[in-house]
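Visitor: I would like to learn how to read a structure step by step. Could we look at it together?

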Amino acid sequence: MNKLIFEFIEAHKLDILDEWIKTTKDENDDRVVNVISDQVFNSTSREFVDLIITNLKGSKGDYHSRLKEFAEKVVRLGWPLTFVSSGLHTFGVIVFKRMEQSGVMTIENQRSLFREFDEWMTSLNIEIIGIYATTWEKTVSLQKIALQELSAPLIPVFERITVMPLVGTIDTERAKQIMENLLKGAVKHRSEVVLIDITGVPVVDTMVAHHIIQAAEAVRLVGAKCMLCGIRPEIAQTIVSLGIDLTQFTTKNSLQKGIEAALELTNRKIVSVEGVK
């Protein structure tokens, strides 16, 4: 980096930062700027400008470490990639405008300064976008794993009785997760009865029913009985019209009815005790 540019940025760091924050707030979508407090926005903006200056100094080890931390922070804040890349462009515009106004940039040195600064900014932009994209992909991957774990939980409600509440659509990938969780959970909790609650499943077509039947059969093979709960009237009508055979396992119209039936299968029942509030 040209020594003249570096010394100018270092000397006018605070003024550049103030103008960068103001310009960024004015030019960007309110949904990006207003979702966080001014304090967080200002501190993150200061960190961004410090990161650029760290790169200018050429301390690669410290720079890469701070760049990774910064990328993780802006991803958590929900700042889009366009916000970060436009921030770099804004920084370059502010620096050149101020260098021109102060007389540091002249007609004689303008071309060489611009060429060197542009090469540095392009390289920096590519590096920051690469780290941001990698961090974003990693975050999305972790969130996907977490959602998969939550998409088909098997919950013990009584001794030897577990429930799997399903919400949303069921595709092939999720069906595999349901099967895996059912088998592992049934063995882990020593379940005798497993209730699959489909109250939150909007549509039960042939494919969904096939996956449920497969899951019920797999549960039966590990020594537990499977019960299907939450069959709403419209779902029942769809199942009948499609000719889907669910006669091999018990069905109930609500989770409450299913739990009552599961208790009976395990030689228990719910009773009311008089005089107890």
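Visitor: Which residues in the largest nonpolar core touch the most other members?

Guide: This is a predicted model, where local features need pLDDT of at least 70, side-chain atom pairs count only at pLDDT 80 or more, and totals for chains, interfaces and linings use all residues. Residues are numbered from 1 along each chain as its sequence is written, and side-chain values use heavy atoms, with hydrogens and water left out. A nonpolar core is a set of buried Ala, Val, Leu, Ile, Met, Phe, Trp, Tyr and Cys residues joined through side-chain atoms within 4.5 Å, where buried means under 20% relative accessible area, exposed over 50% and partly exposed in between (1.4 Å probe, protein chains only). Here the core has 36 residues, and Ile9, Phe48, Phe91, Phe117, Trp120 and Ile128 touch the most other members. Helix H6 (81-101) is among the helices that each supply at least two residues of this core, and H6 gives the most, with 8 residues.

Visitor: At what angle do helix H2 and helix H4 pack?

Guide: Two packed helices are described by the angle between their axes and the distance between the axes. Helix H2 (residues 13-27) and helix H4 (residues 38-57) pack at about 125°, with axes 10 Å apart. That makes H2 oblique to H4, since angles under 35 degrees count as roughly parallel, over 145 as roughly antiparallel, 65 to 115 as roughly perpendicular and the rest as oblique.

Conventions:
Axes are lines fitted to C-alpha atoms, for helices over the stretch in contact, and angles run from 0 to 180 degrees between N-to-C directions. Helices (H or I, at least four residues) and strands (E, at least two) are DSSP runs, numbered from the N terminus.
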